[in-house]
Amino acid sequence: MSDTPPTPDKREPFLAALRDSLAEETFVKLILGKYRGDEPGLRRILIRQITVKEEPCLSMVYCYKDREVTKNVSRAQGLGSIYGMLGDPFMSAHLFLLTANVQIEYSRKGRCTLSRGKPSCNAVPSAEHDREKERMIDPAKPFLAALGVTNKEARVLPSMSRKWKQINKFLEIFQHAFESSGLAEAERVHVVDFGSGKGYLTFAVHDLLSGMENVTGEVTGIELRDTLVHFCNKAATTLEREGLSFQQGDVSSYTVGPLDIMIALHACDTATDLAIHMGIRAEAKIIMCAPCCHKQIRPQMSSPDAMAPMLQFGIHMGQEAEMVTDSVRALLLEASGYKVKMLEFVSLEHTSKNKMLLAVKDARPVDRQAILEKVATLKAFYGIREHCLETLLAAEA
Ligand SMILES: C[S@@+](CC[C@H](N)C(=O)[O-])C[C@H]1O[C@@H](n2cnc3c(N)ncnc32)[C@H](O)[C@@H]1O
């Protein structure tokens with residue numbers, strides 16, 4: 001038996017530093033380098049913090065010689081796999097924090113060193129570099145801190161930098177649409193946000209309207225999850241946000257009253273159709289939605305002969321189903337008297353959910369029948385039997 005004491009496992013303190021930094025919001029990025037495994041072309045993994053469906057997650061970008069592959073995983077899953085890769089196959093890991101740089105290195109002989117030095121990243125992670133040009137909101141607004149977007153010093157938390165971008169971009173689009181819709185002349189404006197989640201956009205819209213002269217904004221968030229409704233109402237009360245409230249409700253059964261602007265960002269599958277339908281029925285001046293998953297149409301879609309070489313690939317079929325779903329939505333909105341735009345929203349956590357369908361009520365007459373014929377042609381081309389929004393609108397015709 002050897003008398004040599006076992007080498008202490010330095011992965012533990014390294015991982016503890018990583019775990020603590022995530023909890024304390026001081027994490028900027030982690031790079032796993034000096035790859036010695038057998039995956040061809042793999043050089044390093046770049047890890048950042050992101051938020052997916054309100055949950056903190058890790059985005060792991062596998063950098064190959066000629067491409068990058070991104071995997072978004074839960075924090076627990078990410079921490080587990082990082083731990084498993086330290087020392088083998090990655091011989092170095094460099095942790096960039098707002099408070100320090102921490103590095104773990106393995107020599108070829110397996111000797112491990114852990115070092116800690118001064119931080120090389122200042123308070124602003126790279127995703128926020130273009131904050132100035134994107135900013136629609138003052139980061140010192142108290143609601144941002146209450147919702148956990150900023151800290152006490154009014155700095156955007158690293159994990160919220162993408163959400164920050166999203167809020168700003170959303171407000172930019174909102175403001176344009178608001179000005180072009182004639183609503184700026186109205187005394188009262190009622191906005192309903194379906195699937196309001198933690199209320200980032202709901203608070204932001206209320207804040208924007210509160211800053212406008214001569215307009216009184218009433219903003220209502222409708223959310224399935226009770227805990228989020230409670231959280232948002234508490235924050236709205238504490239911050240004395242008059243005219244902002246949240247209600248627990250399901251978009252599929254919610255009874256809508258008069259509303260001027262309907263928002264639905266990332267409402268799942270046909271929940272987007274239900275929300276659009278509600279907006280049309282309430283004669284909303286503006287309908288803004290960023291569709292989420294598109295499950296209804298894909299299983300119905302057949303592949304027209306000429307497109308078979310393209311649609312033989314599952315990924316293409318998925319993209320086509322999204323395009324067809326949203327195009328039919330756009331046509332049905334046009335047939336209901338809206339001018340429709342499809343915009344690129346922002347890239348959310350590297351997902352494809354970055355499309356925004358923006359519809360603004362237009363007084364000009366439309367040839368409804370001709371538009372509905374386009375819908376029928378599109379459906380027939382792909383063999384689609386049913387589209388939720390069409391069914392909802394037909395039921396009340
Ligand atoms: C992806 S989150 C988006 C939250 C928010 N709109 C945003 O962009 O930050 C979707 C939210 O919709 C809620 N939701 C899902 N289905 C719903 C339904 N049928 N009715 C109301 N809310 C729903 C979820 O609980 C979740 O909070």
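**Helix packing, domains and ligand shell**

Mentor: Let us begin with helix α10 (residues 314-335) and helix α11 (residues 368-382), whose axes come within 9 Å and cross at roughly 165°. This is a predicted model, in which local features need pLDDT of at least 70 and side-chain atom pairs count only at pLDDT 80 or more, while totals for chains, interfaces and linings use all residues. Residues are numbered from 1 along each chain as its sequence is written.

Trainee: What makes α10 roughly antiparallel to α11?

Mentor: Angles run from 0 to 180 degrees between N-to-C directions, and axes are lines fitted to C-alpha atoms, for helices over the stretch in contact. Angles under 35 degrees count as roughly parallel, over 145 as roughly antiparallel, 65 to 115 as roughly perpendicular and the rest as oblique. The angle here is roughly 165°, and α10 is therefore roughly antiparallel to α11. Helices (H or I, at least four residues) and strands (E, at least two) are DSSP runs, numbered from the N terminus.

Trainee: Which residues of α10 and α11 meet?

Mentor: V324, S327, V328, L331, L332, E334 and A335 of α10 meet R368, I371, L372, K374, V375, L378 and Y382 of α11. Two residues are in contact if their C-beta atoms, placed from the backbone, lie within 7 Å. By class, this contact has 10 nonpolar, 1 polar and 3 charged residues. Ala, Val, Leu, Ile, Met, Phe, Trp, Tyr, Cys and Pro count as nonpolar, Asp, Glu, Lys and Arg as charged, and the others, Gly among them, as polar.

Trainee: Why are α10 and α12 called roughly parallel?

Mentor: α10 and helix α12 (residues 388-395) pack at about 25°, with their axes 9 Å apart. By the cut-off for that term, α10 and α12 are therefore roughly parallel to each other. In α10, V328, R329 and L332 meet L389, E390 and L393 of α12. The residues of this contact divide into 4 nonpolar, no polar and 2 charged.

Trainee: How do you know that α1 is roughly antiparallel to α2?

Mentor: Helix α1 (residues 11-24) and helix α2 (residues 75-85) pack at an angle of about 155°, and their axes are 11 Å apart. That angle makes α1 roughly antiparallel to α2. On the α1 side the contact is made by R11, L15, L18, R19 and L22, and on the α2 side by R75, L79 and Y83. Of these residues, 5 are nonpolar, none is polar and 3 are charged.

Trainee: What makes up the side of domain 1 that touches domain 2?

Mentor: The domain assignment of the chain, which is automatic or from a database, gives domain 1 (11-122) and domain 2 (130-395). In contact are 12 residues of domain 1 and 11 residues of domain 2. On the domain 1 side, β1 (27-35), β2 (42-52), β3 (55-64) and β4 (68-74) are the elements that give two or more residues. β2 gives the most, with 4 residues.

Trainee: Which residues around the ligand are the closest?

Mentor: The closest are G195, G197, L224, V251 and L265, among 20 residues that surround the ligand. A residue is near a molecule if its C-beta atom, placed from the backbone, lies within 6 Å of it. α6 (200-210) and β9 (216-223) each supply at least two residues of this shell. The shell has 11 nonpolar, 5 polar and 4 charged residues.
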